[in-house]
Amino acid sequence: MSLSNSRNQFLAFESHNQDNIQYERKGGIFVTTCVCVSFILCAVLVATLVGIIVYFITYFKLSQSVSTNDFWNEAEPFGHNGPPSPDLRLPSAVVPSFYRLKLRTDIDNSNFRGEVYITIKAKSNVKEIILHSKGLSINDKAKLTEQTYEEIQTLHRKKREEPANDTISENPTTATTATANTLNVTIKEVDAQKPTNETFVPSSNEHNETTHIKLNTNVSNETANDAPANETATPTVAIPIPNNTIYTTVTNRNTHVTHSSARNIQITSITQGSGDRLIIKLASTLKPDVDYILELNFEGKISDAMTGFYKSTYTSTDGQIRSLGVTQFEPTSARAAFPCFDEPAFKAMFEISIAHPSNLTALSNMKVSSQEDIPDSPGWRWTHFDRSVNMSTYLVAYIVSDFKSVETTYVSKDNITKPIRVWTRPELIHKASYALTITPKLLEYYEEVFGLPYVLDKLDLIAIPDFSSGAMENWGLITFRETTLLFDPAASGPRDKQNVAIDVAHELAHQWFGNLVTMTWWTDLWLNEGFATYIEYVGVDHIEPEWNMFESFSIDKMDLLRSDSLKNTSPVSRKVIDASEISQKFDEISYTKGANLIRMLNHTVSQELFHKGLLIYLNQWTYSNAEENDLWAAMSTAVESDSNLRQLSVVEFMNSWTRQAGYPVVNVDRNYETGDVMFEQKLFTSSDDPYQAMIDQLWHIPISYTWPSQAKSAKPQSAKPELWLKERSVIAHLPVDRTQALYVNVDAIGYYRVNYDTKNWELLSAALKSGHFKSPITKAQLIDDAFNLAKFSHMNYSQALGLTTCVIEGEDSKVVWELLLNNMGFIKYSIRSTSGYVYFQDYMKILLQKQLERLNYGLSKPKDDNEAFLIENLVMWECEVEAPRCLKWAQDEFTNWSTQGDLSNNSIPVYLRSLVYNMAIKKGGRRAFEFFWDAFQNATDPNVKTLIINNLPATRDPALITLLLERSLNELPNQYAPTVWGVEPTVGTRIAQDFLIKNFDAIYNKFTSMDEFTFPSILNGAFGFIISEDELNKLKSFALQHKDKLLPVSQTLQKIMDTAKLRIEWMKRHAPTVNAWFKDYVTNHKKSLSEAPNTTTPSTTTASTGNSTQTSIGNEIGTANSNTGNVQNSTDAAPEINGTTTTSPEI
């Protein structure tokens, strides 16, 4: 919000124009000049004093506000809340329809030059063109030509005396924009005969206006460049001609001619404005609905960052450093590669040509149409690509590399065989098989889901050595980080395989949701990312059903509910009114919350009607832009056919979830005498003083419920709503026996938590422990809701902790363990510096013991991937609580591997390597650290490098932590540099805080230059685990000191501070109670064991921890298992293991 200067406004208001003052004597009191002057001076003095007082009071209030509210402003919870930035959006008066882009790339010298011809059209009379350009040098030889067309009467033709040059014109624009004094003739036959050679007899007539003529022997007025992308254009013959020439022929064949006139428009100036705007001033006004061709020549530098057109490198097997040119344009970096209208709504077609060394391969969105050597540049070649479909600039992509590919094909829904290729550096080509196998399966399935074929005629997937995000959905040329596309079963575990499947499925879903139909503006980014996230689970569940992906989906949702309860959480659909907010939209709210709201809609209206609405939406907005209400309108049309849903307003239902921040808790209060149940909704928040506007919110909540006798039956539980809660509360009569527990929000489909009266919680606890609830998701949901309700004092912590005993006798579901351990992770990191931590460790050993015995402590080969996931999580926690068996096993595994000659012969199970590396780095000091650093430096396999760099921050040596942070600024490649900020609390995070504060400018410049998304992960790594007031004050002081630079990450800072306040308050309010519970349970457990002499417990899990040094596997968010390189901010995550799935198909 911009602040006004009250004093200046006051003085401006009080000033007068002397010309308006009139004098007229009509009686009154007369005073002497001296008195008058004195009076005036006194008035001026008083006014001045008042002004000074007002100024300083205002200044004091504003300074006080700034000192306490920047980034956590009580009045503006979501950052910028004022009017949109004046240069945020381009004017819509001029729109593009076609780009002809020609680039010459010099990767060795890190530069490029090019020319772009943009066909534009004005919607109104304007005298300027405004588009985007960032960091480009624009040549002053820019041109603008006006194109007008006129059909001419049928001509006659006669046999030509000499054959014309039949080469295809390399016209850089459309067929109607040939260079001056050139005749473009496009010939298309009416019959099957080959056209006769023709001679044109010009009649010269000098004229200043350039004319072009297109001759078609067909009655249609279709030119070569207007042909569809998948058709071969009829050759255009370029023939020099005098101006204003008239032609005649002597044949009777029917022809028609379109006369095209090109008039130059004078450009008076080209300037670079704010907001990356390129402003072109014109001498004359553009006319509406007339085609103009804007020609711009430009030069630029190939970036060393990971945005725009940038250079990536890798080391080949022979030790040579190889370079490639890569693009990453989302969200706003196309403008750094060529001048363009760089907003999602400005869709256009693209025809791209790239000049590059002949020994390299050029790829782009479309198929290669032709290639030609460049005569005056030996060893260089032009690669020309087909014209694209209508698409946004952020989806444009081109790559120049020495990569190799493997290829397959699939037959699309429109019965066209289309090639699919996976590209990678040559030595990793053997890892491309899995992605190549699943891609056609996913495409075929998505075509069935979306009802539309994949529209392009090829698909390339390419693994980039240096890549910031996981992947990017460029239409027809999808780019990936190497570890998210490549998989080797001999060297990688099931989690690596699952990550590849998820990322491929996500980006392929974007080919429809995001590419075919695109959001109008970044406000509705969630339409792209939320849908793609939901469909990724649908797709992976289809191709790998044994993974039970919807259990993993539920885990992700429940994890998100923690951060979405923070005071400064944001709505899914939040207006972007400042450029800095665009990158902040790429968060878990847009992705995961958006996906869960889509899923909730699917289960509310039924799978059949949801699918019908999806088809209506995609067909209506194909090749266009849409907003969220366009999707709701399509769904509304679909549900009209169901009489049970005619009273449902899809728009009101979904807007109550997408346009309001946070989510509700549904309080369920049963009258056990009458059977009446009151359902009441209120905001679920971590804050003691939430914003009043959020307190007043009401959601349209679909309520589903069941009870044990139903849940235990063979009949699948239904998540379809039984009633609606739209007001603050509603009472319903339910036929539930008073001795049975009522369970609300079946399978956790609804995006809300549920709290019950005390008696119902007791019934639920009994049903949970007795096995009445068979669904793993139900068990996990009840545990997760209970812990988070207790965390914010909505229920007693002893009730929540008591639910965890349901796994003491063993539990095979990874989703139950995942959610239980995630919640225990919050407690672990909060109380680890208290005396109660040793009892927490002992309790966790008791909790893990039976299931670890069932799994033979991971020493036997898992029966399937799900069991491998479970072993990975449980053994990690066994080491986390310092069980001697686990510590010794991990040390032995590392010693056996590291002391042999050939490190490539790694006998450690792939799904436990991260754990072993982590423990070795924690316990091994400098020797182990340097061993792994050398291994990282020498490794060429990206999976090996990622595994090592993810675990190096686990070191507890302050000097080594500082060394890692220093190396993130110089020695580490950009892709890996942010990873080392994932240091462990509390020693590591406090070192990171001080290092960031001391070296802020260098760190800020390094990571903000890489891309728009990396710097928030640095802040999270340093400040994401605050547990003391001193650390919180340190953060506030740091934020105020650098407030101007940190404004673009204001939402990240707000959430970090909210999380810090949550932890600090939790320690004061709950730590003593929780510590006492663990102490009592462990003491009673030991007492019961001593009273039962025949009961034995393996020493590996019950040995005293008194002589053990505290250890920690990864950060609270699971550093040991993270392979993204980013530090995630989570309010209460545990070591990260992805979870489980549901049974019924989603779409």
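## Surface and burial

The chain has 1147 residues, of which 58% are buried (under 20% relative accessible area, 1.4 Å probe, protein chains only).

## Basis of the model

The model is predicted: local features require pLDDT of at least 70 and side-chain atom pairs pLDDT 80 or more, whereas totals for chains, interfaces and linings use all residues. Residues are numbered from 1 along each chain as its sequence is written, and side-chain values use heavy atoms, leaving out hydrogens and water.

## Overall fold

The chain contains 31 helices and 36 strands, which are DSSP runs numbered from the N terminus (helices: H or I, at least four residues; strands: E, at least two). Of the contacts (heavy atoms within 4.5 Å) between residues at least 6 apart in sequence, 76% join residues at least 24 apart.

## A four-stranded sheet

Four strands form an open sheet with mixed pairing, in the order β34-β30-β29-β36; strands pair if DSSP finds at least two bridges between them. At its edges, β34 (729-733) and β36 (753-756) each pair on one side only.

Strand β29 (residues 664-670) runs parallel to β36 and is joined to β36 by four bridges. Within this pair, V668 stands opposite Y756 of β36.

Methods. Buried means under 20% relative accessible area, exposed over 50%, partly exposed in between (1.4 Å probe, protein chains only).
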